[in-house]
Amino acid sequence: MATKDVATRRLAVEGGTPVRGPDDPLTKNSPRILEPKARDLVLEVLDSGFTSDMVARFESAFAEASGVKHALGVSNCTTALHAVMTALGIGPGDDVIVTAISDYGSVAGILYVGANPIFADVDEHTGLITAEEVEKVITPRTRAIVAVHFYGHMCDLDPLIELAAKHKVTLIEDVAQATLGNYKGRTAGSVTDMAVFSFNSSKLLPTDNGGAVTSNDGDFIDRLHQIAVDRGAIYLDEGAGRHHPVPGFNYRFGQLEAAVGIAQLGALPEQNRRRVELGEALSAKLQAIDGVVPPRVDVPGSHLYWLYHMQFEPEKFSVGMDQIEQALVAEGLTGRLAMYYLLPHSVEFIENRDQDLKRLVNAKSHLSRTIRWSWTYRATDRDIDDTVEMVAKVADAYRA
């Protein structure tokens with residue numbers, strides 16, 4: 001790889017010139033670019049005085065795109081998982097296995113119903129749970145497994161499906177970061193019993209706020225609708241009124257969000273394709289830098305690079321990861337260490353937190369040497385080349 005002159009190789013953190021300064025940043029994922037169709041669909045909702053069928057239209061389109069029979073729009077992914085836990089009848093005394101590395105939303109719904117989150121360790125390089133690690137913590141109290149497609153990288157699901165069937169537990173995909181991802185020719189959310197999604201403004205399908213649940217089980221979706229949309233109510237014969245035989249929640253998906261979702265859904269396949277193409281191009285160049293390890297993707301095409309992450313082999317560098325991170329940021333890379341994604345570390349009120357932190361060796365190792373940042377389908381070839389230049393510059397300066 002060609003390097004720049006000696007003057008510009010001095011690290012920016014030490015007073016040198018950054019590869020990309022504040023006036024010339026790398027292309028960012030935000031502000032989001034919305035499809036022109038979104039404006040027309042939003043106006044349709046407004047012109048209808050909120051009597052449109054936009055939510056139903058979105059649910060139908062999203063189910064078709066995801067390769068499932070049914071989709072239910074809800075207010076966000078956290079509420080989606082809470083509603084799913086409730087609909088499954090999971091509660092106090094039950095265990096739900098979830099990855100140790102994720103956002104709080106992946107564990108909140110488990111805590112809301114009074115169940116026990118049991119953290120499975122991860123593959124040290126990918127940061128994803130595996131059937132091997134899940135089997136170590138599964139017990140007769142286990143009711144469900146939540147497989148989180150972290151970074152936009154889908155877990156290896158077939159072994160998890162086999163394990164869940166063996167123990168007769170429900171396997172749920174958390175697809176917040178991998179909407180329309182691909183796993184061996186199957187679409188994210190269609191591979192397991194059910195799946196939950198996020199559509200907030202940072203996600204692959206941005207509607208500002210919102211989420212969804214998908215499943216091929218129509219009876220389950222009907223029960224979920226009663227709980228999450230109808231607040232637990234059923235409607236009896238005319239004049240009998242509305243009755244609430246079960247607890248429920250107001251987790252409705254809005255018509256304006258659905259309108260934006262329909263528009264963005266049409267653009268997402270091409271955006272995902274470009275995201276993968278660019279992510280793979282960056283990985284191919286980073287792997288030439290000694291001591292730097294790009295994402296390992298065992299199932300081709302299964303990583304959408306919602307976040308891009310790379311690891312540093314600590315024995316090959318003379319400084320710690322904090323200093324490496326600071327140097328990369330000074331060069332213009334908006335990356336950061338990701339320790340706050342270790343759930344027992346960040347959620348201080350979880351029972352057995354100290355024991356979990358001692359047990360989760362792979363998760364701690366993964367996060368302690370990983371730099372991650374938001375990736376975008378709008379990245380340019382120059383962005384890729386300059387990112388490689390930043391990493392090479394820092395690696396060369398700090399190599400042991």
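User: Which residues of helix α13 (residues 361-368) are buried?

Analyst: The model is a predicted one. A residue counts as buried when its relative accessible area is under 20%. In helix α13, the buried residues are A363, S365, H366 and L367.

User: Which strands are included in what covers the buried residues of α13?

Analyst: The buried residues in question include H366 and L367. Their cover includes three strands, namely β13 (307-312), β14 (336-337) and β15 (370-374).

User: How many residues does the largest nonpolar core have?

Analyst: In soluble globular proteins, nonpolar side chains tend to be buried together. Here, F62, V84, M85, I145, I172, F220 and L224 have the most contacts inside the largest such core. Another core lies apart from it and has 32 residues, including L26, L286, V292 and W375. The residue count of the largest core is 101.

User: What does M85 touch, leaving aside its neighbours within four places in sequence?

Analyst: M85 is among the residues with the most contacts inside the largest core. Leaving aside neighbours within four places in sequence, the contacts of M85 are I90, V96, G109, I110, V113, V146 and I172.

User: Which residues of helix α8 (residues 218-228) are buried, and which elements do they pack against?

Analyst: At the start of α8, a side-chain oxygen of D217 comes to within 3.0 Å of the backbone nitrogen of D219. The buried residues of the helix are G218, F220, I221, L224, Q226, I227 and A228. They pack against β1 (70-74), α4 (77-87), β8 (194-198), β9 (211-215) and β10 (234-235).

User: Is the crossing of α4 and α8 left-handed or right-handed?

Analyst: The axes of α4 and α8 are 9 Å apart, and the helices pack at an angle of about 115°. From α4, the contact uses A83, V84, T86 and A87, while α8 brings F220, R223, L224, I227 and A228. By class, these residues are seven nonpolar, one polar and one charged. The crossing is right-handed.

User: And is the crossing of α3 and α9 left-handed or right-handed?

Analyst: Helix α3 (residues 54-66) and helix α9 (residues 255-286) pack at about 35°, with axes 8 Å apart. On the α3 side, the contact includes F58, A61, F62 and A65, which meet α9 residues including A258, I262 and L265. The contact has 10 nonpolar, two polar and one charged residues. The crossing is left-handed.

User: Is N272 buried or exposed?

Analyst: N272 sits in helix α9. Not counting residues up to four places away in sequence, N272 touches T179, L180, L204 and L304. Its relative accessibility is 5%, and the cut-off for burial is under 20%, so N272 is buried.

User: Why does Q177 count as buried?

Analyst: Q177 is in the loop between β5 (170-174) and β6 (182-183). Beyond four places in sequence, its contacts are H149, F150, Y151, G152, K203, L204 and W306. Q177 counts as buried because its relative accessibility is 7%.

User: What does the side chain of Q177 reach at 2.7 Å?

Analyst: Y151 is one of the residues in contact with Q177. At 2.7 Å, the side chain of Q177 reaches the backbone nitrogen of Y151.

User: How far apart in space are Q177 and T334, C-alpha to C-alpha?

Analyst: In sequence, Q177 and T334 are 157 residues apart. In space, the C-alpha to C-alpha distance between Q177 and T334 is 19 Å.

Definitions and conventions: Residues are numbered from 1 along each chain as its sequence is written. This is a predicted model: local features need pLDDT of at least 70, side-chain atom pairs count only at pLDDT 80 or more; totals for chains, interfaces and linings use all residues. Side-chain values use heavy atoms; hydrogens and water are left out. A nonpolar core is a set of buried Ala, Val, Leu, Ile, Met, Phe, Trp, Tyr and Cys residues joined through side-chain atoms within 4.5 Å. Buried means under 20% relative accessible area, exposed over 50%, partly exposed in between (1.4 Å probe, protein chains only). Contact means heavy atoms within 4.5 Å. Helices (H or I, at least four residues) and strands (E, at least two) are DSSP runs, numbered from the N terminus. A polar contact is a pair of N or O atoms within 3.5 Å; within protein, one must be able to donate a hydrogen and the other to accept it, and residues adjacent in sequence count only if both atoms are side-chain atoms. Axes are lines fitted to C-alpha atoms, for helices over the stretch in contact, and angles run from 0 to 180 degrees between N-to-C directions. A crossing is left-handed if the near helix is turned anticlockwise from the far one by less than a right angle, and right-handed if clockwise. Ala, Val, Leu, Ile, Met, Phe, Trp, Tyr, Cys and Pro count as nonpolar, Asp, Glu, Lys and Arg as charged, and the others, Gly among them, as polar.
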